[in-house]
Amino acid sequence: MSLTARISRRLALLAAGGRDAAPVPLTAATRLQFGVAASRAEFHSVARLVGKMYALEGYLPAGEGPGRPYYRLHQFLPDARVLVARLEGRVLGTLTLVPDSPAGLPLEDLYGQEAAALRTQGRRLSELCSLAVDPACRGLGSRVLMGLLR
């Protein structure tokens, strides 16, 4: 997708409600809580946030429209961890840690040969994926990211 097309798409999505929440003030940083998604509602909030942000950035695969929750098999594997940043119960950021398993890794769609070569060398692989930060807290984005990575 060309840069002009990406910008046009993003502007259209923003106008259609991509930034539907009030901005989160920088003073809220001390009230952020971090952990693992623990409920069906939290998993759904994560999928909605990732779907919204992937649509805004033009990352959705063909056929997947904006505004739809973005679920992937790897989020539901037993060893995967869906990490969340919360503020007063609202999911503001997410990141998924996927350790290698018989199901493989999401990156193998593009880098299957490279992953296989690393496994042959005895390397243990994992992937961080589905990173999304709500636009309402972009001023806190680095704090959200660092909290998710801890």
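**Figure 1. The salt bridges of R119 in the predicted model.** In this predicted model, R119 pairs with D100 in a salt bridge whose closest N and O atoms are 2.5 Å apart. R119 belongs to helix α3 (residues 108-120) and D100 to the loop between β3 and α3, so the contact ties together parts that are 19 residues apart in sequence. A salt bridge also joins the side chains of R119 and E108, with an N to O distance of 2.8 Å. R119 is partly exposed, at 27% relative accessibility. D100 is likewise partly exposed, at 27% relative accessibility. For E108 the relative accessible area is 25%, and this residue too counts as partly exposed.

**Figure 2. The salt bridge between R86 and E42.** The side chains of R86 and E42 meet with an N to O distance of 2.3 Å. R86 is part of strand β2 (residues 81-87), whereas E42 is part of helix α2 (residues 40-57); the pair therefore ties together parts that are 44 residues apart in sequence. Both R86 and E42 are buried, that is, each has under 20% relative accessible area.

**Figure 3. A network of salt bridges.** K52, R90 and D134 are linked to one another in a network of salt bridges. Side chains of opposite charge can pair when their charged atoms come close. For the chain, the count of salt bridges comes to six.

**Figure 4. The surroundings of P99.** P99 is located in strand β3, which covers residues 90-99. With a relative accessible area of 26%, P99 is partly exposed. Leaving aside residues up to four places away in sequence, P99 touches D79, A80, L105, L125 and S126. The view also includes P78, which is 21 residues from P99 in sequence. The C-alpha atoms of P99 and P78 are 9.8 Å apart in space.

**Figure 5. A nonpolar patch on the surface.** The patch is formed by L97, L128, L131, L145, M146 and L149. Together, these residues have about 490 Å² of accessible area. Strand β4 (126-133) and helix α4 (141-149) each supply at least two residues of the patch. Helix α4 contributes the largest share, with three residues. M146 is one of the patch residues and has its place in helix α4. The relative accessible area of M146 is 45%, so this residue is classed as partly exposed.

**Figure 6. The chain as a setting for the close-up views.** The chain contains four helices and four strands. Along the sequence, these elements follow the pattern α-β-α-β-β-α-β-α. Of the 150 residues in the chain, 37% are buried. Among contacts with a separation of 6 or more, 69% are between residues 24 or more positions apart. The accessible surface of the chain comes to about 9,100 Å². Carbon and sulfur atoms account for 57% of that surface.

Conventions
Residues numbered from 1 in each chain as written. Predicted model: local features only at pLDDT ≥ 70, side-chain atom pairs only at ≥ 80, totals over all residues. Heavy atoms only, no water. Buried < 20%, exposed > 50% of the residue type's maximum accessible area, 1.4 Å probe, protein only. Contact = heavy atoms within 4.5 Å. Areas by Shrake-Rupley, 256 points an atom, 1.4 Å probe, with all protein chains shown as cover. Patch = residues over 30% accessible without salt bridge, like charges linked within 9 Å, V, L, I, M, F, W, Y side chains within 5 Å. Salt bridge = Lys/Arg side-chain N within 4 Å of Asp/Glu carboxyl O.
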